[in-house]
Amino acid sequence: MAVDKDMRVLIVDDYKTMLRIISNLLKQIGFSNVDEASDGATALQMLREADYGLVISDWNMEPMTGLQLLKEVRADESLKATPFIMVTAESKTENVVAAKQAGVNNYIVKPFNAETLKKKLTAVLGDF
């Protein structure tokens, strides 16, 4: 099945510059329907109000972390199948394990480029 590049993608990061970088990288690889949230609580509300095909979330945010957001998404019957990619500056093994246990689909360590993002998206969504 072909990946729908027009699907809505939600990127979540409390750092505006990172939102802009990820949004630009997504555009470079063909995804243009991108929404942004600056914290996990806002993202969760947006996810419950619209249909998203993918979430790309930073780990370190206040007041709700990316891991807490992931757990909320996986606990919600209507959201739990949504592909979720975690972005973090830390590559600590325990963080990767915690994210995997919570049901993350993939993990990206900052900094990253369009090629890395495309590889991670392909692993989660399939070829495009």
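Contact here means heavy atoms within 4.5 Å. The structure is a predicted model, in which local features need pLDDT of at least 70, side-chain atom pairs count only at pLDDT 80 or more, and totals for chains, interfaces and linings use all residues. Residues are numbered from 1 along each chain as its sequence is written, and side-chain values use heavy atoms, with hydrogens and water left out.

R74 is placed in helix α3. Helices (H or I, at least four residues) and strands (E, at least two) are DSSP runs, numbered from the N terminus. Leaving aside residues up to four places away in sequence, R74 touches L79, K80, A81, T82, P83, F84, A102, G103 and N105. R74 is buried, yet has no salt bridge. Buried means under 20% relative accessible area, exposed over 50%, and partly exposed in between (1.4 Å probe, protein chains only). A salt bridge is a side-chain nitrogen of Lys or Arg within 4 Å of a carboxyl oxygen of Asp or Glu. For R74, the nearest side chain of opposite charge is D76, at 9.9 Å. Lys and Arg count as positive and Asp and Glu as negative, while His and the chain ends are not counted. The R74 side chain has polar partners instead. It reaches the backbone oxygen of G103 at 2.9 Å. It also makes a polar contact with the side chain of N105, at 2.8 Å. A polar contact is a pair of N or O atoms within 3.5 Å; within protein, one must be able to donate a hydrogen and the other to accept it, and residues adjacent in sequence count only if both atoms are side-chain atoms.

The largest nonpolar core has 23 residues. Such a core is a set of buried Ala, Val, Leu, Ile, Met, Phe, Trp, Tyr and Cys residues joined through side-chain atoms within 4.5 Å. L10, V12, L47, L69 and F84 have the most contacts inside this core. Two or more residues come from each of β1 (9-12), α2 (40-49), α3 (66-75), β4 (84-88) and α4 (93-102). A second, separate core has 21 residues, including I22, L25, I56 and I108. L10 touches I56, and its contacts also include D35, E36, A37, A43, M46, L47, Y52, L54 and V55, not counting residues up to four places away in sequence.

The model holds two aromatic pairs. Rings of Phe, Tyr and Trp (its six-membered ring) pair if their centres lie within 6.5 Å; planes under 30 degrees apart count as stacked, over 60 as edge-to-face and the rest as tilted. F31 and F128 have ring centres 5.2 Å apart and planes at 80°, so this pair is edge-to-face. F31 lies in the loop between α1 (16-28) and β2 (34-37), and F128 in the segment after α5 (114-125), so the pair ties together parts 97 residues apart in sequence. F31 is buried, at 0% relative accessibility. F128 is partly exposed, at 23%. W59 and Y107 have ring centres 6.4 Å apart and planes at 65°, so this pair is edge-to-face. W59 lies in the loop between β3 (54-58) and α3, and Y107 in strand β5 (residues 106-109), so the pair ties together parts 48 residues apart in sequence. W59 and Y107 are both buried.

Eight salt bridges are present. R48 and E72 meet at 3.9 Å, N to O. R48 lies in helix α2 and E72 in helix α3, so the pair ties together parts 24 residues apart in sequence. R48 is partly exposed, with a relative accessible area of 48%. E72 is partly exposed, at 35%. R48 also forms a salt bridge with D76, the closest N and O atoms being 2.9 Å apart. D76 sits in the loop between α3 and β4, and R48 in helix α2, 28 residues apart. D76 is buried, with a relative accessible area of 14%. Elsewhere, D58 and K110 form a salt bridge at 3.2 Å, N to O. D58 lies in strand β3 and K110 in the loop between β5 and α5, so the pair ties together parts 52 residues apart in sequence. D58 is buried, at 5% relative accessibility, whereas K110 is partly exposed, at 22%. D13, D58 and K110 are linked in a network of salt bridges.

K110 is also joined to P111 by a cis peptide bond, with omega about -5°. P111 lies in the loop between β5 and α5. The peptide bond from E62 to P63 is cis, with omega near -5°. P63 is found in the loop between β3 and α3.
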